[in-house]
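Please find below a note on the model under review.

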Amino acid sequence: MSNLFIPTILGTARPGRRSAAVAESIVDLMKQRSIMTTLIDVADFQLTATGEEVPGLSTYREQMAAADGLVIVAPEYNHGYPGELKLLLDSDYAAYVRKPVGLVTVSSGRIGGARVAEQLRLLASAFRMVPVSPGLHVVDAERAVGPDGRFASSSLEQVANDMLDEVVWFAEALAPARAAQP
């Protein structure tokens with residue numbers, strides 16, 4: 001495996017968010033696999049729909065330009081994704097082109113954010129990204145991550161690793177195409 005940089009975006013700023021532990025588990029899995037990563041938390045930005053520049057946004061853009069792909073961890077809010085995630089993603093369209101994205105959706109319900117995954121796949125395609133399969137749909141978010149910070153079930157961890165395998169494969173396969181683009 002080459003030295004890939006695949007950041008993870010935690011896509012909610014909601015207080016008491018349960019998806020933070022899931023995002024941290026994904027980051028830990030990537031580090032175990034020697035994938036360079038960082039956790040980008042939308043809560044660190046004071047984004048508005050006006051498009052005004054906010055502290056940290058230039059660093060985010062640099063990270064996205066350097067990224068070989070990314071993973072988005074997002075909860076499902078009323079069948080959709082959080083507005084602050086959309087605002088962050090909208091801040092830099094060009095950086096996402098021809099990059100794979102792994103989608104991790106989180107819900108306290110029984111379908112694990114499957115509806116938000118559908119929405120995020122459409123969004124990723126509009127950004128000319130490559131959404132990979134499988135995605136990871138985390139049900140019962142309260143119990144998904146154990147006290148040790150690892151996924152509480154081996155099946156969740158297996159699907160997470162399968163998703164990361166796909167992100168890595170596509171990142172490596174698409175690297176020449178990204179290098180050749182103007």
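The numbered points below begin with the basis of the model and then turn to its parts.

1. Basis. This is a predicted model, in which local features need pLDDT of at least 70 and side-chain atom pairs count only at pLDDT 80 or more, while totals for chains, interfaces and linings use all residues. Residues are numbered from 1 along each chain as its sequence is written, and side-chain values use heavy atoms, with hydrogens and water left out.

2. The largest nonpolar core. A nonpolar core is a set of buried Ala, Val, Leu, Ile, Met, Phe, Trp, Tyr and Cys residues joined through side-chain atoms within 4.5 Å. Buried stands for under 20% relative accessible area, exposed for over 50%, and partly exposed for values in between (1.4 Å probe, protein chains only). The largest such core has 28 residues, and V22, I26, V71, V104 and F151 have the most contacts inside it. At least two residues each come from helix 1 (19–32), strand 3 (70–75), strand 4 (100–106), strand 6 (136–138) and helix 5 (154–180). Helix 5 supplies the largest share, 7 residues. Helices (H or I, at least four residues) and strands (E, at least two) are DSSP runs, numbered from the N terminus.

3. Which residues does V71 touch, not counting residues up to four places away in sequence? They are I6, P7, T8, I9, I26, M30, G102, V104, M163 and L164; contact here means heavy atoms within 4.5 Å. Another core, of 25 residues, lies apart from the largest one and has I9, I40, F45 and V101 among its members.

4. Rolling a probe the size of a water molecule over the atoms shows where empty space is left. On a 1 Å grid over the protein atoms alone, a cavity is a set of points where a 1.4 Å probe fits but cannot get out; a pocket is an open set with protein on both sides within 12 Å along at least five of seven lines, and lining residues have an atom within 4 Å of a point. Grid points are joined across faces, edges and corners, and a volume is the space filled by probe spheres set on the points. The largest pocket has a volume of about 250 Å³. It is lined by 15 residues, of which R14, R18, P75, Y77 and S108 are the closest to its centre. Its lining has 5 nonpolar, 6 polar and 4 charged residues. In this count, Ala, Val, Leu, Ile, Met, Phe, Trp, Tyr, Cys and Pro are nonpolar, Asp, Glu, Lys and Arg are charged, and the others, Gly among them, are polar.

5. The largest cavity. The count of cavities of 30 Å³ or more is 2. The largest cavity has a volume of about 40 Å³, and its lining consists of I72, L89, V101, L103, L120, L123, A124, F127 and M129. By class, these are 9 nonpolar residues, with no polar and no charged ones. Strand 4 and helix 4 (114–126) each give at least two residues to this lining, and helix 4 gives the most, with 3.

6. The second largest cavity and R150–E157. The second largest cavity, with a volume of about 30 Å³, is lined by S25, D28, L29, Q32, G149, R150, F151 and E157. Helix 1 gives the most to this lining, with 4 residues. The class division is 2 nonpolar, 3 polar and 3 charged. R150 and E157 also form a salt bridge, with the closest N and O atoms 2.8 Å apart; a salt bridge is a side-chain nitrogen of Lys or Arg within 4 Å of a carboxyl oxygen of Asp or Glu. R150 is partly exposed, at 38% relative accessible area, whereas E157 counts as buried at 17%.

7. Further salt bridges. The whole structure has 7 salt bridges. One of them joins the side chains of R178 and D68 (3.4 Å, N to O). R178 lies in helix 5 and D68 in the loop between helix 2 (57–66) and strand 3, so the pair ties together parts that are 110 residues apart in sequence. Both R178 and D68 are buried. D90 and K86 form a salt bridge with the closest N and O atoms 2.8 Å apart. D90 is partly exposed, with a relative accessible area of 25%, and K86 is partly exposed with a value of 25%.
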